[in-house]
Amino acid sequence: MILYPAIDILDGQAVRLVRGDFDESTVYRDSPLEAARSWVEAGARFLHLVDLDGAKSGEPAHLDELAKITSELDVPVQWGGGLRTIEAVRDALKAGAERVILGTAAITDPDFLDSVLGSHRDRVIVSVDTRGGMVATKGWLETTTIDGPEAIKRLQQRGVRRFVYTNADRDGLEQGPDMDEVRRISQAVRGSWIFSGGIGTTEHLQQLADARMVNLGGVITGKALYEKRFTIAEGHAALQVR
């Protein structure tokens, strides 16, 4: 499994939110590029970047930061936030994203999803984020009546094969994964997926690795790294299946 250090960008700074609450943000770096550089120098093999302003407004706000990171650092980046038109997806790919992460529009706009998959299928991930078990959209500001496994089932019927799954209720709290929930999601996914939400210790990473879910390809963590709960190297070691 791959460890994905998370860099969330708000007002041009690298921040972390608590349960997706924009009013509960902590600034960890003034520059997203410097945050990315620190993770790469520590051994990160892939980066997970989210444009929070874009997620909130519905269109990308920080593609310039993406371009800086991909031009200066030799590491692949997956990028999400505000990608709700085919033009926005193309702009993110041109700015250097290895993969694009679709959220709200993949759930609410089937024609858009079909168009993106038709053009860039191998570079598309869909983010399924939940609050209270139900899919949350628009920067986690709105909640639908569809649960995570059902959303995954519907998206797979349209051709999606890669997912990020986040329990927004746990995000930023460092309380660890709900392993029953993790198993339900793993059973629903027919392709591959990445877990996000609540990682706080290497023991949490080991729980995921020891569950031996063959379709779970990685884990995203942000706050725990910023707060020095563990290092990139320790995270890599914890994700090795024993």
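The legends below describe close-up views of aromatic pairs and of one glycine in a predicted model. Residues are numbered from 1 along each chain as its sequence is written, and side-chain values use heavy atoms, without hydrogens and water. Because the model is predicted, local features need pLDDT of at least 70 and side-chain atom pairs count only at pLDDT 80 or more, whereas totals for chains, interfaces and linings use all residues.

**View 1. Stacked pair of Tyr28 and Tyr226.** The whole structure holds 5 aromatic pairs (rings of Phe, Tyr and Trp, the latter by its six-membered ring, with centres within 6.5 Å; planes under 30 degrees apart are stacked, over 60 edge-to-face, the rest tilted). The Tyr28 and Tyr226 rings are stacked because their centres lie 4.4 Å apart and their planes meet at 10°. Strand β3 (residues 21-29) carries Tyr28 and helix α10 (residues 223-226) carries Tyr226, so the pair ties together parts 198 residues apart in sequence (helices are DSSP runs of H or I, at least four residues; strands of E, at least two; both numbered from the N terminus). Both Tyr28 and Tyr226 are buried (under 20% relative accessible area, 1.4 Å probe, protein chains only). Together with Trp39, Tyr28 and Tyr226 form one aromatic cluster.

**View 2. Edge-to-face pair of Tyr165 and Trp193.** The centres are 6.5 Å apart, with 75° between the planes. Tyr165 in strand β10 (residues 162-167) and Trp193 in strand β11 (residues 192-196) are 28 residues apart. Tyr165 is buried at 3% relative accessibility, and Trp193 is buried at 2%.

**View 3. Gly159 in the loop between α7 (148-157) and β10.** Gly159 is buried, at 12% relative accessible area. Beyond neighbours within four places in sequence, Gly159 contacts Leu117 and Arg121 (heavy atoms within 4.5 Å).

Methods:
Buried < 20%, exposed > 50% of the residue type's maximum accessible area, 1.4 Å probe, protein only.
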